Amino acid sequence: MKEERKLTWKEHLSSLSSYLDEKDIDLAYVADPVDIAYLTGYSSWTEERVFALLVSRTSQALLLAPAINEGEVKQTAWADRACFYQDGENPWEKAKERMTAWPKGFWAPEARTVTLSHYRTIKEVFPEANLAADISSWLARQRMIKSPAEIEKLQAAGRQADQALELAFALLKAGQGMSESELALELDYQLKRQGIGDLSFPLIVQAGESAARVSGLPSQKGVQAGDMVIFDLGIMKDGYASDVSRTVALGEISPAKREIYNVVRRAQEAAAKAARPGMTAGELDQVARGVIEDAGYGQYFTHRLGHGIGMQVHEQPNLQPGSEQKLEAGMCFSIEPGIYLPGVGGVRIEDCGWLGEDGFHPFTKTSKDLLSLGEK
């Protein structure tokens, strides 16, 4: 992958300060834990407690965190740029003590995650603060275009997802008669036991008529010979997610099921081949949708073609009908068409990948040939 230098969280943070200076904004208040991890390299979930990153146009930065996180924060590069508060203390009073020399008149909070309660508390402690700007769209834009270093992490997560699928297929073959939920629980256990990684979202295992639902938790329904089985799974690796779907057959399947499998595969491969910078997300969606519509199954493809992926399994962009979002090199997203026939079953085939100037490069490599497991 011939790209420019690899960005790090330090450079993400520097880009934010440069943006603030360009827009004459004194201070950014970042509240989403994933965005904080993107800008600091430190990941934490503090539940209802205030966890915030404050960044100034002059490159000052302060991580505001509960005292219960102090030990782990001090093991990071933020040991000297963190401010801790005890339960019962006002976190913004503690922050103000550390920000006496900061420019802080014009704030850009992350509006989509800042609660009204936090807003009021900030205004009480910083009455001069003007919170009229919003940093949300800038952060979403930055995270949508991945650096080479981020793409490498997504590739590593994709390799682990391929390993997880291999294990899933083996479990299905060995565990005929197990329910969807039993398969999901056993797969989760084996993934942890083998150290493959943490799941990026709850496992989806759907068999037979259950696979006609677009998504849902595994049920107590037993997997039977003649079923099509959808596995939809993902692994978190070094803070980045993977997401992949494959549909396999348990024994012999009907010609109708084989037909919809082949249609979905053609749609998925057509979209992956067509993806190029400059086309819109809606245009790419229509490539796959057109294949399915031409085969007579358009009404049974009931969701968007795909979604962005990165530090979260669902990010921007959305590949959905009518979207005018221009696709750009560096975007990472899924291509996952499906057909869901009530009373019969369903098929979904999904790869996530990155978009280069020369096209779409999948993170997952598991074969899309129809795999038949178990009894014939």
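**Helix 7 and helix 8.** I looked up this pair first in the predicted model. Helix 7 (residues 148-174) packs against helix 8 (residues 180-193) at an angle of about 135°, and their axes are 10 Å apart. Helix 7 is therefore oblique to helix 8. My cut-offs: angles under 35 degrees are roughly parallel, over 145 roughly antiparallel, 65 to 115 roughly perpendicular, and the rest oblique. Axes are lines fitted to C-alpha atoms, for helices over the stretch in contact, with angles from 0 to 180 degrees between N-to-C directions. Helices (H or I, at least four residues) and strands (E, at least two) are DSSP runs numbered from the N terminus.

I then listed the contact (heavy atoms within 4.5 Å). On helix 7 I found Ala164, Leu167, Ala168, Leu171 and Leu172, which meet Leu183, Glu186, Leu187, Gln190 and Leu191 of helix 8. By class, the residues of this contact are eight nonpolar, one polar and one charged. I count Ala, Val, Leu, Ile, Met, Phe, Trp, Tyr, Cys and Pro as nonpolar, Asp, Glu, Lys and Arg as charged, and the others, Gly among them, as polar.

**Numbering and limits.** Residues are numbered from 1 along each chain as its sequence is written. In this predicted model local features need pLDDT of at least 70 and side-chain atom pairs pLDDT 80 or more, while totals for chains, interfaces and linings use all residues, and side-chain values use heavy atoms, without hydrogens and water.

**Helix 1 and helix 2.** I found the axes of helix 1 (residues 9-22) and helix 2 (residues 33-40) within 6 Å, crossing at roughly 105°. That makes helix 1 roughly perpendicular to helix 2. Trp9, His12, Leu13 and Leu16 of helix 1 make the contact with Tyr38, Leu39 and Thr40 of helix 2. I sorted the residues of this contact into five nonpolar, two polar and no charged.

**Sheet 6-9-10.** Three strands form an open, antiparallel sheet in this order. Strands pair if DSSP finds at least two bridges between them. Strand 6 (198-199) and strand 10 (240-241) are at the edges with a single partner strand each, so one side of each has no neighbour in the sheet. Two bridges join strand 9 (residues 235-237) to strand 10; in strand 10, Tyr240 is the bridge partner of Lys237. I also noted that helix 7 lies across strand 9 and strand 10, at about 140° to strand 9.

**Glu110.** I located Glu110 in the loop between strand 5 (107-109) and helix 5 (116-125). Its relative accessibility is 0%, so Glu110 counts as buried (under 20% relative accessible area, 1.4 Å probe, protein chains only; exposed is over 50%, partly exposed in between). Leaving aside neighbours within four places in sequence, the contacts of Glu110 include Tyr29, Asp32, Asp35 and Asp134.
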